[in-house]
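User: Could you walk me through this protein's structure? I would like to go a few residues at a time.

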Amino acid sequence: MTLRLSSRAVIRPFVLNSRGLATATHLPKMKRGPTGIVLLNMGGPSTIPEVYDFLYRLFADRDLIPLGRYQETLARFIAWRRTPKIEHHYEEIGGGSPIRKWSEFQATEMCKRLDKLSPETAPHKGYVAFRYAKPLTAETLNQMQQDGVKRAIAFTQYPQYSCSTTGSSLNELWKVTKSLDPNSEIKWSVIDRWPTHSGLVKTFAQLIKDKLNEYDPEVRDKVILLFSAHSLPMSVVNRGDPYPAEVAATAYGVMSELKFTNPYRLVWQSQVGPSAWLGAQTSDTVKSLVRKGQTNIILVPIAFTSDHIETLHELDLEIIKETKVEGIKRAESLNGQPMFIDALADVVHNHLKDGAVASNQYPMQCPMCTKEVCSNSRRFFLSQ
């Protein structure tokens, strides 16, 4: 379904620029208060006691895991059943998710660079808004209001767009804004995707090179690169979600930077529940390759911007450690890599220069999507 915009005031500002990825809708320059840069992410429980609430919010989100008319009841039950196991997983990686630590570090360091790159929009203040863990979107918006923010950028930390991740986060931001900022005193724009940004691609490529250097030179160019991303239910894929294509674009961009020196595949992790999910699964792929005698493998978390349970537990412990094959390794996550922080700042700097409300891909919903919340949140952000 294509988004229908009934107001000419919304349609009139859309002017496509030559980059083909941005809609040049220019916003008024706001001089009051800092420019807020809000990093959007699912988040993760920073401590063990936060696990149940995190899981409940996760399974209650219809944008991510549609469970039908009894979604809330089922979400509470699934969260209750899974909490002990997931608490144990977080204990095994140090007692909680490091994603908040890394997100806040990235936001702070990015804004230091932005103050130099874009003094006309300075000072820049970084915020973190998580979908399922603290700081939740409402908490972040409250803090922004206290700080006097009047101009803000919602910056997704999912480089590849999915309605289950970026879409869900923006839907939540719209709902919270309706409640806490009904007069729209904060003017928003959106960085809704950045899968092929050169800084992102170059950082991934460098981290892969660093890991390849740990292998003997005679086998180095035969090491298989498995780009692993969080999977999606096929019901989401089949309604036209762009995520698989955008993840593939990132992987191809990285391989181009590496000049295709190694064989590679794109695989998918973190399937939940009995329904069909996008494959091949990362764990199954590793087992199959090992059975065939291909034991030099690098796992690359291509859709994650920092370490969290999917890298530290699922990849490192459930796959690499349990497989007990010396040649299976993981490329380091983006975390606090200076090149990656430079990339974050560059994405925002270009967004500020362009004056774009969002990319020109954002107005289009998934072709088979019928959710009003997706239409309404898009209409809100595009009207800014």
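Analyst: Happy to! Helices (H or I, at least four residues) and strands (E, at least two) are DSSP runs, numbered from the N terminus. This is a predicted model, where local features need pLDDT of at least 70, side-chain atom pairs count only at pLDDT 80 or more, and totals for chains, interfaces and linings use all residues. Residues are numbered from 1 along each chain as its sequence is written, and side-chain values use heavy atoms, with hydrogens and water left out.

User: Is Asn 171 buried or exposed?

Analyst: Asn 171 is found in helix H6 (residues 166-180). Buried means under 20% relative accessible area, exposed over 50%, and partly exposed in between (1.4 Å probe, protein chains only). The relative accessibility of Asn 171 is 2%, so this residue counts as buried.

User: Leaving aside neighbours within four places in sequence, which residues is Asn 171 in contact with?

Analyst: Contact means heavy atoms within 4.5 Å. With neighbours within four places in sequence set aside, the partners of Asn 171 are Asp 63, Val 373, Cys 374 and Ser 377.

User: How do the rings of Phe 77 and Trp 80 pair: stacked, edge-to-face or tilted?

Analyst: Rings of Phe, Tyr and Trp (its six-membered ring) pair if their centres lie within 6.5 Å; planes under 30 degrees apart count as stacked, over 60 as edge-to-face and the rest as tilted. By this rule there are 10 aromatic pairs. For Phe 77 and Trp 80, the ring centres are 6.1 Å apart and the planes meet at 40°, so the pair is tilted.

User: About how many helical turns separate Phe 77 and Trp 80?

Analyst: Phe 77 is partly exposed at 43% relative accessible area, while Trp 80 is exposed at 57%. Both belong to helix H3 (residues 71-92) and sit 3 residues apart, so their separation is about one helical turn.

User: Which element gives the largest share of the lining of the largest pocket?

Analyst: On a 1 Å grid over the protein atoms alone, a pocket is an open set of points where a 1.4 Å probe fits, with protein on both sides within 12 Å along at least five of seven lines; lining residues have an atom within 4 Å of a point. The largest pocket holds about 1100 Å³, a volume being the space filled by probe spheres set on the points, which are joined across faces, edges and corners. Of its 50 lining residues, the closest to the centre are His 230, Ser 270, Ile 309, Glu 310 and Glu 314. The largest share, 8 residues, comes from H12.
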